[in-house]
Amino acid sequence: MEEGSDSSKHNNKKPTKRKPVFTKVDQLKPGTTGHTLVANVLSSNTVLHKGRPTPPSVRPTLIAECLIGDETGTIIFTARNQQVDLMKAGTTVILRNAKIDMFKGSMRLAVDKWGRIEVTEPAKFTVKEDNNLSLVEYELVNVVEE
């Protein structure tokens, strides 16, 4: 049996997942999606906690704004419901398929049902805290084509 001939057996399996391309915080731009990044959670503040006593089938809504960052800068991540438990200050997370939402003219990072958050080993980088992308205000400009 020659070397490499056993690879033909594997061709009927699902295609291998593409290796994620990791994005740095300072590369994030308004209106972009599909980001995978490693970030440290610096702080987490609950901004909305709606608990409904009835009916039991309706889950309470919990939203926290978490300041996260890497060695290039920081951004506010909007954590929802179960995500809030993962986004604790001091943890390092991998955000997969994250997207940029605009909130009052500034960028917020979020992970919807198509993405995921994984808590990972503590990162070795020092967060660059003086470059908060959520403090940059963007103006909605309508471009008129001539």
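Visitor: Where in the chain does Asn132 lie?

Guide: Asn132 lies in the segment after β6 (116-120). Strands here are DSSP runs of E with at least two residues, helices are runs of H or I with at least four, and both are numbered from the N terminus. This is a predicted model, where local features need pLDDT of at least 70, side-chain atom pairs count only at pLDDT 80 or more, and totals for chains, interfaces and linings use all residues. Residues are numbered from 1 along each chain as its sequence is written, and side-chain values use heavy atoms, with hydrogens and water left out.

Visitor: Why is Asn132 called buried?

Guide: Buried means under 20% relative accessible area, exposed means over 50%, and partly exposed is in between, using a 1.4 Å probe and protein chains only. Asn132 has a relative accessible area of 16%, so Asn132 counts as buried.

Visitor: Which residues beyond its sequence neighbours does Asn132 contact?

Guide: Leaving aside neighbours within four places in sequence, Asn132 is in contact with Leu67, Thr74 and Ile75. Contact means heavy atoms within 4.5 Å.

Visitor: What makes Glu65 and Arg108 a salt bridge?

Guide: A salt bridge needs a side-chain nitrogen of Lys or Arg within 4 Å of a carboxyl oxygen of Asp or Glu. The N to O distance for Glu65 and Arg108 is 3.6 Å. Glu65 lies in strand β2 (residues 61-70) and Arg108 in strand β5, so the pair ties together parts 43 residues apart in sequence. Glu65 is partly exposed at 23% relative accessibility, while Arg108 is buried at 9%.

Visitor: How many salt bridges does the structure hold?

Guide: The structure holds six. One of them joins Glu118 and Arg96, at 2.5 Å from N to O. That pair links distant parts of the chain, with Glu118 in strand β6 and Arg96 in strand β4, 22 residues apart. Another joins Arg116 and Glu118, at 2.9 Å from N to O. Salt bridges that share partners join Arg96, Arg116 and Glu118 into one network.

Visitor: Why do Arg116 and Glu118 count as partly exposed?

Guide: Arg116 has 47% relative accessibility, so Arg116 is partly exposed. Glu118 has a relative accessible area of 23%, and is therefore partly exposed.

Visitor: Which residues of the largest pocket lie nearest its centre?

Guide: They are Arg18, Lys19, Pro20, Thr36 and Arg96, out of twelve lining residues. On a 1 Å grid over the protein atoms alone, a pocket is an open set of points where a 1.4 Å probe fits, with protein on both sides within 12 Å along at least five of seven lines; lining residues have an atom within 4 Å of a point. About 390 Å³ of space lies in this pocket. Grid points are joined across faces, edges and corners, and the volume is the space filled by probe spheres set on them.

Visitor: How do the residues of that lining divide?

Guide: Three are nonpolar, four polar and five charged. Ala, Val, Leu, Ile, Met, Phe, Trp, Tyr, Cys and Pro count as nonpolar, Asp, Glu, Lys and Arg as charged, and the others, Gly among them, as polar.

Visitor: Why is Thr36 called buried?

Guide: Thr36 has a relative accessible area of 9%, so Thr36 is buried. Thr36 is in strand β1 (residues 35-50).

Visitor: Why does Lys104 count as exposed?

Guide: Lys104 has 70% relative accessibility, so Lys104 is exposed. Lys104 is in the loop between β4 and β5 (106-110). Lys104 has a positive phi of about 50° although it is not a glycine.
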